[in-house]
Amino acid sequence: MTHALPSPEQPLKIGTRGSPLALAQARETRARLMAAFQLPEAAFEIVVIKTTGDDRSLIDADRPLKEIGNKGLFTKEIEEAMLAGTIDIAVHSSKDMPVEQPQGLVLDCFLPREDVRDAFISYHHPNIAALPPGAVVGTSSLRRKAQLLNVRPDLKVVEFRGNVQTRLRKLSDGVAQCTFLAMAGLNRLGTPEVATAAIAPEEMLPAVAQGAIGIERRESDERAARLLAALHCTETGTRLAAERAFLARLDGSCETPIAGLADIAGDTLTLRGEILRPDGSEKLADQITGPASDAKALGTELAETLLCRAAPDFFAWR
Ligand SMILES: NCc1[nH]cc(CCC(=O)O)c1CC(=O)O
């Protein structure tokens with residue numbers, strides 16, 4: 001019976017956070033499963049799970065997330081529900097996922113990747129270069145902050161969190177002159193009524209795994225394994241294998257400004273990666289090219305190249 005497809009009597013329970021982006025990603029996953037297996041919507045149940053990271057009483061909106069909790073802030077409760085059997089699969093933004101999953105769970109299904117780029121969002125300015133000296137920039141991302149300060153040390157960075165609407169309100173209130181979001185999130189939710197400009201990866205290298213939905217399951221669940229195998233995008237999986245190996249070797253936590261992006265042409269993979277000091281005062285960047293079948297090893301090797309070049313105090317603030 002475990003091999004049987006889901007049905008209205010035995011629905012597949014899809015776990016997700018309750019944010020608009022998370023729900024959009026869960027619905028996309030459901031739609032792809034319905035299409036791949038010709039199943040009715042009633043064969044699936046979307047189960048919203050509140051995580052520590054979603055609890056507003058615990059999370060002061062002005063306090064940086066890195067001060068509040070660790071990597072599992074948005075995944076712990078979801079993974080517990082999966083291990084307990086309350087849900088069968090969990091839909092995540094891969095870039096928010098730790099490089100290793102808890103015992104008994106696997107993350108081996110990645111949907112075709114959306115736009116990997118970051119977006120520049122402003123009511124008054126077309127791009128980063130056009131920002132006046134000393135302009136105030138809103139972001140909660142240590143990576144984006146370090147990358148911006150690296151090229152524009154004059155900018156002032158203020159903590160910015162919350163959903164798209166909250167951020168846009170802060171922009172129109174004049175709290176900051178611009179902010180940044182992943183294009184993938186904007187595309188999935190519908191672009192807001194404000195000028196958004198995609199930033200080339202050469203100007204702002206995205207976060208590892210940006211734009212890729214990842215779906216986690218119990219290792220022992222053969223029904224889920226069969227369903228997810230049909231959705232998996234091999235190219236996205238290979239790109240993320242390189243990027244996540246790069247992150248793993250750098251021991252990336254949410255406190256480490258790290259960026260990485262792999263691209264595949266034919267059988268060849270090119271991985272660009274960089275690490276920065278949090279204040280942007282130094283950036284170490286390099287790239288590596290090799291057979292796509294060596295994705296993981298290429299990621300590890302690029303990380304080691306950067307680690308060799310980092311001065312002894314590069315990670316001293318950690
Ligand atoms: N850290 C939050 C987060 N996780 C994934 C996305 C966007 C969607 C994606 O990259 O898949 C975002 C928001 C953002 O960076 O704008």
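Reply:

**The ligand shell and its setting**

Helix H4, residues 142-151, is mostly covered, with 7 of its 10 residues buried. This holds for a predicted model. The buried residues of H4 are Arg143, Arg144, Lys145, Ala146, Gln147, Leu148 and Leu149. They pack against several strands, among them S5 (118-121), S6 (136-138), S7 (156-158) and S8 (178-182). Strands S11 (258-265) and S12 (268-276) also pack against these buried residues.

The residues around the ligand are Ser93, Lys95, Asp96, Leu181, Ala182, Ala184, Gly185, Gln210 and Gly211. By class, this shell has 3 nonpolar, 4 polar and 2 charged residues.

The domain assignment gives domain 1 (12-111 + 212-232), domain 2 (118-199) and domain 3 (244-309). Domain 1 and domain 2 each give at least three residues to the shell around the ligand. The centres of domain 1 and domain 2, taken over C-alpha atoms, are 27 Å apart.

Another contact involves helix H8 (residues 234-249) and helix H9 (residues 295-309), whose axes come within 7 Å and cross at roughly 35°. The crossing of H8 and H9 is right-handed. On the H8 side the contact includes Thr238, Ala241, Phe246 and Arg249, and on the H9 side it includes Leu298, Gly299, Leu302 and Glu304. The contact of H8 with H9 has 8 nonpolar, 3 polar and 5 charged residues.

Definitions and conventions: Residues numbered from 1 in each chain as written. Predicted model: local features only at pLDDT ≥ 70, side-chain atom pairs only at ≥ 80, totals over all residues. Axes fitted to C-alpha atoms, helices over the stretch in contact; angles between N-to-C directions. Helix = DSSP H or I, 4+ residues; strand = E, 2+ residues; numbered from the N terminus. Left-handed = near helix turned anticlockwise from the far one by under 90°. Contact = placed C-beta atoms within 7 Å. Nonpolar A, V, L, I, M, F, W, Y, C, P; charged D, E, K, R; others polar. Domains from an automatic or database assignment. Buried ≥ 20, exposed ≤ 12 C-beta atoms within 10 Å, placed from the backbone. Near = placed C-beta within 6 Å.
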